[in-house]
Amino acid sequence: MKLTGSHFLSVDQLHHRDDVLKICELAERLEVIVQRKKVSRILEGAILANLFFEPSTRTRLSFGCAFNLLGGAVRDTTGVTTSSISKGESIYDTSRCVSGYADIIVVRHPDAGSVAQFALASKVPVINAGDGIGEHPTQALLDVYTILRERGMNQSDNPLQQLHITMVGDLKHGRTVHSLSKLLSLFGPLHFTFVAPDALQMPSSIEAFLLERNCTVQKTDDLKNAVISADVLYITRIQEERFAEREEFLRYAGQYAIDQAFYDQFCVKKPLLMHPLPRDSRLLAPEINQDLNLHPNLAIFRQSDNGVAIRMALFCLILGVENKVLDKVKEVDWQVGLVK
Ligand code: NCD
């Protein structure tokens, strides 16, 4: 794995599970900074351009916070209407110009492949924060980091061996599950069960990729049977913005919903409950019901928290400071959190 001075566009750039473990181990060492026990200024003087041409809360903020926590400055743009793309500017021109202002660029864009196109014109490293229905490699890393932390990171050579992961929802349009399943297959052979209506099933190219890596793949639309032997249940939102007609979205919305009663009755192995967020709270039957909010196996907010350390680790590796970052840290002077 060579990340220094490189773009990070796809999980395909990580070839061995040791590459993933190296990033996760660095993230874990950086938790002292995330938890405000130490302050780092290692990226003082560096600028991140954080370009989000699609809606985002967690990904945009956690990239920004990660860079700030390393001492760097962040410049953001959000949305298409407020950027020159709405005046017909090409990806090439935007990329070339922004790369004259910043040391590293994070991009989210609605079209698959567009972030790679953006990278071609950039003079500085570009990180893919989601390209349409393509990939979301940093979400996959934080998801694997979460699974590793929940299961005990240092237990064995391959802590995820024989893991059974059940992915549920809009697997066709969900870029998080595309990246996550490919990344997890480095820990194979694993068992994947994909639960979706036929029209929203996992693309066959990803299924073929997993089979090639000796994983087993089962596709079904029956959630109840699919959860029985799951160790991890990864639930996703029906991607409303990817459908041409709203009626089509409404046909599937709320079809797969998990609440406490369902979990108690059908999730026999008491799996870790994951979701990249956001969950769709407008639905009568949301993907994960609020009645599970305090369940100890609900990892969704821990996933969101873990995104900061993973993104810090990536910045350190890409900007070549991974061996120095913890050398010059200082104590935190302010009150951290609420006084109980
Ligand atoms: C996801 C995304 O944008 O792909 N969210 C995220 O980045 N955490 C999932 C989604 O939008 O459903």
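This is a predicted model: local features need pLDDT of at least 70, side-chain atom pairs count only at pLDDT 80 or more; totals for chains, interfaces and linings use all residues.

Biologist: What volume does the largest cavity have, and which residues lie nearest its centre?

Modeller: The volume of the largest cavity is about 80 Å³. Its lining holds 15 residues, which divide by class into 8 nonpolar, 4 polar and 3 charged. Those that lie nearest the centre of this cavity are T236, I238, G254, Y256 and E287.

Biologist: Turning to the open spaces, which elements give two or more residues to the lining of the largest pocket?

Modeller: The largest pocket contains about 470 Å³ of space. It is lined by 20 residues, and P55, R108, R175, R237 and P278 are the closest to its centre. The elements that give two or more residues to this lining are α2 (58-69) and α6 (175-184).

Biologist: How do the residues of that lining divide by class, and which space does the ligand take?

Modeller: In the lining of the largest pocket there are 4 nonpolar, 9 polar and 7 charged residues. As for the ligand, the space it takes is the largest pocket.

Biologist: Which residues are around the ligand, and how much of its accessible area does the protein cover?

Modeller: The residues around the ligand are T59, R108, H136, Q139, R175, T176, R237, Q239, P276, L277 and P278, a shell with 3 nonpolar, 5 polar and 3 charged residues. A nitrogen atom of the ligand, in turn, is 3.1 Å from an N or O atom in the side chain of Q139. Of the 320 Å² of accessible area that the ligand has on its own, the protein covers 93%.

Biologist: Which element gives the most to the lining of the second largest pocket?

Modeller: The second largest pocket has a volume of about 250 Å³, and of its 17 lining residues the closest to the centre are L51, T77, T94, V98 and Y101. By class, this lining divides into 10 nonpolar, 4 polar and 3 charged residues. Two or more residues come from each of β2 (47-52), β3 (73-78) and α3 (91-98), and the element that gives the most, with 4 residues, is β2.

Notes: Residues are numbered from 1 along each chain as its sequence is written. Side-chain values use heavy atoms; hydrogens and water are left out. A residue is near a molecule or strand if one of its heavy atoms lies within 4 Å of it. A polar contact is a pair of N or O atoms within 3.5 Å; within protein, one must be able to donate a hydrogen and the other to accept it, and residues adjacent in sequence count only if both atoms are side-chain atoms. Accessible areas come from the Shrake-Rupley method with a 1.4 Å probe; for residues, only the protein chains shown count as cover. On a 1 Å grid over the protein atoms alone, a cavity is a set of points where a 1.4 Å probe fits but cannot get out, and a pocket is an open set with protein on both sides within 12 Å along at least five of seven lines; lining residues have an atom within 4 Å of a point. A molecule sits in a cavity or pocket if more than half of its atoms lie within 2 Å of its grid points. Ala, Val, Leu, Ile, Met, Phe, Trp, Tyr, Cys and Pro count as nonpolar, Asp, Glu, Lys and Arg as charged, and the others, Gly among them, as polar. Grid points are joined across faces, edges and corners, and a volume is the space filled by probe spheres set on the points.
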